[in-house]
Amino acid sequence: MSFPSSKKITRILGAELDKLVTLPSIWLTLTGTFILNLLLAAAFTSVGLQGAAGTQSILNIGLASMRYLQAGFIILGILATCSEYTGGQIRSTLTTIPWRGVQLSTKHFALAIITIPAAFIMAASGVLYTFTMMRDTAVVIEIDTMIKTLLGTTGYLTCTTLLSAAIGALFRRTTPALVVLLGYYFVVSPLTRDFPPRIRKFFPDTAGYYMYLPPSSVKLNFLTPMQGAGISMLWTLIFITVAIVLFRKRDA
Amino acid sequence: MRAFNAELSKLFSLPGIWLAFLIGAFAPAVIAALDSMAQKEEIIAGVSTRLSEVGYIGLALGVQGVIILGVLAVSSEYLTESSESGGGQQITTSLTVVSSRLHFLLAKAGAVTVISILLSVVAIMTTVSATHLVLGEYTPAFEWPKLLGAVCFWAFTALLAFGITVLTKHGMIPLAVLIINTSFVSFSFLLSKVTKLALYLPDRAGFEMFMFLSNRFLTPFTGGLVMFAWVVVLFIAAAIVFHRRDVAS
């Protein structure tokens, strides 16, 4: 088969997108996360409404559900890579696309295409809900701060998803990958809160946290959003590279 | 009894179970050690407000091991084999051998309970020694009733994970929800700020068995009773659903 190289990439990307879009659990995860996000936003808003009026920012409350929301995106990333290994789909995939490096990197790219709009919609819907409920009581913020924060959130969630996909490709089984990632993001990371921020700011989730931290926050910001994005992307790229190298070496 | 032995053997031969044992035995010790290190100075100075929680916090937040155990026990039965080896599910074989569905469920729940109790005993030993290692002579005494409460908490958590997974048939959602709920950003903690009723949720009620929370709500015994009621209700629901459901679907 002789295709020009650019056409080859397009066809592989199309195939990978097709596989992701037709995976029912992807849609279940996305819908579930969306509904959960709205419920959590409602809970946080009602907690915020009980507090002192006029002191909280809409962004802080609207994005408070982000800690939970990332779980949905972790699942999304793991599903995308691990679904190949349940039932031996990976062998058909590699028969049709015998370039392993290209295949896995295209898969991550296709995943990013799905994740970016989904992450943006979810982050925006959370903030929007808080905005409509708390218009009278909370501090009003400028529109460009809001857009910047939303973009940071989208970037953070996309990085998390791609990182999870790489980890999923490393483990090739859903359960260990899920346990390791959830254990890191929800148990280990909060436990290391006492570590000096000098070290902690380089962790993948804390670095990503600075991407959407509102600039007006009273806490000390150790990294600018750009630096946070850089470190977080670096982690993602490292893991994707390791996954690709191992994928090329290992027996499928 | 033979069904129970079979379930034990199936559980021990699962690859993921070793992960559960590893996490279950060491995660509480690590959490307790980190927490003790963080407040060592306060304890030595005698100003710590959380003296009664030392060590127990590891047992409260380190239950991921038994959650994995409970979830895996069921989700492994429903895992579809690859098409190359027939595309079957273990559950069809299991139900061919043990044809009474209630017996099957009871045997499985029994195996999960026994293993989680053993695991909690191991976890208590590692946690207590880790706390002693960090705090030395300042370690508060561990009392038997509270340790018993911790064992109950672990067994009930495993059974909750078990029951939820029977309902969902898929391991991912219960695993994600339950692990997040054991963390510092738990759903029940958030809900308890919204409504007082959330204090009756299984994990909050279960904490009362062995942790002195700052705002105490239930006595240790009622806390355990509330959590046990959750387990029973969930188990009955799981048994009814499991009894009526077509295995192939």
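Biologist: At what angle do the axes of helix α4 of chain A and helix α9 of chain B cross?

Modeller: Two packed helices are described by the angle between their axes and the distance between the axes. In this predicted model, the axes of α4(A), residues 66-82, and α9(B), residues 172-182, cross at roughly 145° and come within 11 Å. The crossing is right-handed.

Biologist: Which residues of α4(A) and α9(B) meet?

Modeller: An α-helix has 3.6 residues a turn, so residues three or four places apart point the same way. From α4(A), the residues are A:Tyr68, A:Ala71, A:Ile75, A:Ile78 and A:Leu79. They meet B:Met172, B:Ala176 and B:Ile180 of α9(B).

Biologist: Where does α2(B) bend?

Modeller: The bend, of about 30°, is at B:Phe26, and B:Pro28 follows within four residues. Helix α2 of chain B comprises 23 residues, 16-38, and spans 32 Å from its first C-alpha to its last, close to the expected 33 Å.

Biologist: How many residues has the largest nonpolar core, and which have the most contacts inside it?

Modeller: That core has 126 residues, and B:Leu59, B:Phe162 and B:Phe210 have the most contacts inside it. Beyond its neighbours within four places in sequence, B:Phe162 is in contact with B:Gly70, B:Ala73, B:Val74, B:Leu105, B:Lys108, B:Ala109, B:Val112 and B:Phe235. Another core, of 7 residues, lies apart from the largest one and includes B:Ala29, B:Ala33, B:Ile43 and B:Ala130.

Biologist: How many helices and strands are there in chain A?

Modeller: Chain A has 11 helices and 0 strands. Of its 252 residues, 50% count as buried. Among contacts in chain A with a separation of 6 or more, 81% join residues 24 or more positions apart.

Methods:
Residues are numbered from 1 along each chain as its sequence is written. Chains are lettered from A and ligands numbered from 1 in the order in which they are written. This is a predicted model: local features need pLDDT of at least 70, side-chain atom pairs count only at pLDDT 80 or more; totals for chains, interfaces and linings use all residues. Side-chain values use heavy atoms; hydrogens and water are left out. A nonpolar core is a set of buried Ala, Val, Leu, Ile, Met, Phe, Trp, Tyr and Cys residues joined through side-chain atoms within 4.5 Å. Buried means under 20% relative accessible area, exposed over 50%, partly exposed in between (1.4 Å probe, protein chains only). Contact means heavy atoms within 4.5 Å. Helices (H or I, at least four residues) and strands (E, at least two) are DSSP runs, numbered from the N terminus. The expected span of a helix is 1.5 Å times one less than its number of residues. The bend at a residue is the angle between axes fitted to the seven residues ending there and the seven starting there. Axes are lines fitted to C-alpha atoms, for helices over the stretch in contact, and angles run from 0 to 180 degrees between N-to-C directions. A crossing is left-handed if the near helix is turned anticlockwise from the far one by less than a right angle, and right-handed if clockwise.
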